[in-house]
Amino acid sequence: MNSDTRDIRKLSKEELDAFIVDMSFDKYRSNQIWEWIWKKQKTDFDGMKNLPKNLKETLSSHFHFAEASIDKKQISIDGTIKNRIKLYDGSLIESVLIPVESQNRFTACVSSQVGCSLTCSFCATGKMKLQRNLDAAEIYDQVVIVNEQCKEQYGRPLTNIVYMGMGEPLLNYKNVLKSIYHINQEVGLGMSHRRITVSTVGIAKMIKKLADDEVKFNLALSLHAATDEKRNKIMPINESNNLKALSEALSYFYQKTKNKISFEYISFKGFNDTTEDAYHLLKMTRLFPVKVNIIEYNPIDGVNFERNSTEGVENFARLLSNEGVTVTVRKSRGLDIDAACGQLANKE
Ligand code: SF4
């Protein structure tokens with residue numbers, strides 16, 4: 001990679017158009033290049049077959065591709081595949097393919113940052129510290145890689161994408177939205193917004209910004225405790241973004257977008273699984289239409305929380321569903337390869 005050149009995938013379409021015209025090529029060439037980059041996912045100029053030689057040379061002398069590639073792949077006994085992805089600067093992130101064949105659901109879980117600046121006590125990534133934000137193309141590459149893997153392994157493309165890997169997506173707002181733009185575009189992966197969920201620990205100001213920007217994808221709040229007192233203990237972000245502020249922001253998001261909202265709720269034995277906890281959670285579900293996903297806790301080194309019994313998780317779920325709340329219990333996937341929720345941390 002020539003460090004004097006720019007990463008072509010950082011250009012907007014307008015910037016690429018302007019470059020092509022400046023270099024005295026026909027403007028339609030820009031559309032061809034755009035299609036090679038985002039739809040056909042080419043990462044070298046030589047392979048762009050319908051471009052003339054002098055244009056390929058011009059492109060090579062001005063641009064490069066900051067490519068991401070699989071550095072290590074682990075396959076769980078339940079079919080989950082965890083990929084360690086190496087970025088152009090040697091940084092490592094993780095992306096996971098979660099197949100649920102019985103429901104015909106094949107989900108990519110992608111990272112938005114290298115590490116994380118927040119320090120949720122139950123999360124392995126939070127122990128890594130933030131190294132940097134990912135570019136839109138680095139997020140897009142993860143989806144492309146996992147999509148190809150899904151086709152190879154299961155003979156079909158992805159059905160869903162969740163921004164639930166390493167990092168807090170709303171602290172890398174611009175690049176996350178740009179990556180979703182490319183995933184959604186016809187000259188891209190052509191995947192519907194309805195199949196994309198961005199998961200946040202809750203930054204009220206940014207949730208309102210999503211609403212003002214009229215995004216079309218789904219939003220998940222990693223709630224995990226339904227009182228400020230308990231949430232402060234496990235998620236320091238709650239001290240500056242308490243449940244009242246988050247509820248207001250989510251109500252605003254729902255009013256403006258009508259997009260689906262879900263609460264992610266990891267069940268920690270003896271911490272957030274009592275009848276009283278269910279009552280507080282229930283109150284929050286009355287503010288706007290919301291689905292609750294109860295997630296089994298996945299132990300990580302150096303954390304004292306205990307995994308709840310299947311019965312404990314189901315009892316808690318029942319307390320909610322009996323009151324008419326839509327609840328699903330999510331079984332841990334990829335536990336044996338540390339690919340489950342909260343376990344992504346480049347262990348090696
Ligand atoms: S749960 Fe998300 S926001 Fe919290 S530390 Fe982990 S990666 Fe960061």
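Two strands pair if DSSP finds at least two bridges between them, and strands themselves are DSSP runs of at least two residues (E), numbered from the N terminus. Keep that in mind as you click through this predicted model, where local features need pLDDT of at least 70, side-chain atom pairs count only at pLDDT 80 or more, and totals for chains, interfaces and linings use all residues. Residues are numbered from 1 along each chain as its sequence is written.

**First stop: the strands.** Select residues 81–86, strand E4, and residues 92–100, strand E5: they pair in the antiparallel sense over six bridges. Zoom in on Arg84, whose bridge partner in E5 is Glu94. The two strands form a hairpin with five residues between them, and Gly90 in the turn has a positive phi of about 90°.

How many of the nine residues of E5 are buried? Seven are, so the strand is mostly covered (buried: 20 or more other C-beta atoms, placed from the backbone, within 10 Å of a residue's own).

**Next stop: the domains.** Colour 6–64 as domain 1 and 69–337 as domain 2, bounds that come from an automatic or database domain assignment. Their C-alpha centres lie 35 Å apart. Seven residues of domain 1 are in contact with seven of domain 2 (C-beta atoms, placed from the backbone, within 7 Å).

Methods: Two residues are in contact if their C-beta atoms, placed from the backbone, lie within 7 Å. A residue is buried if 20 or more other C-beta atoms lie within 10 Å of its own, exposed if 12 or fewer, and partly exposed in between; C-beta atoms are placed from the backbone. Helices (H or I, at least four residues) and strands (E, at least two) are DSSP runs, numbered from the N terminus.
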